[in-house]
Amino acid sequence: MASSSEIVAAFKALKATGRLRGVIQAEYRCRRGCHLGTVFAVPAGPMFYTPSYRLSPTRNDLTSVESARAKNTLDGNRTWKERGFDLTDLAEWEGSAAVDVQCNHVEPLRLDPRAVVSKLGRPGSPSRGVLPDGS
């Protein structure tokens with residue numbers, strides 16, 4: 001089981017070496033084009049990377065508490081840290097664990113890792129999703 005920081009580091013290493021494009025299995029964006037997440041293949045299985053994002057003051061206050069902002073943001077307030085999720089590990093929780101994605105245009109969404117895995121493209125030929133997708 002890889003930690004969030006290990007998954008983020010793997011994503012960044014693949015990107016820095018130009019190998020990321022060949023292992024992407026899925027990409028998600030909001031309807032306005034914000035990057036919500038990328039699934040990429042590694043030998044241990046599919047990993048989900050969510051980039052850092054900044055929320056408006058209003059949305060930030062409505063969707064979080066001060067203690068979480070202090071711990072999980074880059075600036076102590078509105079710029080949320082990037083995260084990584086091991087989809088194989090999350091899928092074993094059979095619906096009780098999820099991947100959370102959001103931006104300033106999308107209410108926080110909880111994606112079932114089993115559904116994400118079932119829709120993956122092959123590495124280098126990713127499926128693409130726009131969220132919320134109405135399903």
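This is a predicted model: local features need pLDDT of at least 70, side-chain atom pairs count only at pLDDT 80 or more; totals for chains, interfaces and linings use all residues.

Residues are numbered from 1 along each chain as its sequence is written, and side-chain values use heavy atoms, with hydrogens and water left out.

**The sheet.** Select the five strands that form an open sheet, in the order β6-β3-β2-β1-β9 with mixed pairing. Strands (E, at least two residues) and helices (H or I, at least four) are DSSP runs, numbered from the N terminus; two strands pair if DSSP finds at least two bridges between them. The edge strands, each pairing on one side only, are β6 (83-86) and β9 (127-131). From one strand to the next, the twist averages 20°.

Next, select β3 (residues 45-50), which runs antiparallel to β6 and is joined to β6 by four bridges. Which residue of β6 stands opposite Met47? The residue is Asp86.

**The helix across the sheet.** Select helix α1 (residues 4-16), which lies across β2 (35-42), β3 and β6 and runs at about 105° to β6. Such angles run from 0 to 180 degrees between N-to-C directions, and axes are lines fitted to C-alpha atoms, for helices over the stretch in contact. Contact means heavy atoms within 4.5 Å.

**A buried residue.** Move to helix α2 (residues 57-63) and select Asn60. Is Asn60 buried or exposed? Asn60 is buried, because its relative accessible area is 1%; buried means under 20%, exposed over 50%, and partly exposed in between (1.4 Å probe, protein chains only). Leaving aside residues up to four places away in sequence, Asn60 touches Leu55, Arg69, Asn77, Arg78 and Trp80.

**The salt bridges.** The structure holds seven salt bridges, each a side-chain nitrogen of Lys or Arg within 4 Å of a carboxyl oxygen of Asp or Glu. Three of them can be visited as follows.

- Select Lys12 and Glu82, whose closest N and O atoms are 2.7 Å apart. The pair links distant parts of the chain, helix α1 and the loop between β5 (79-80) and β6, 70 residues apart. Lys12 is partly exposed at 44%, as is Glu82 at 24%.
- Select Asp75 and Arg54, with closest N and O atoms 3.5 Å apart.
- Select Arg114 and Asp112, with closest N and O atoms 2.7 Å apart.
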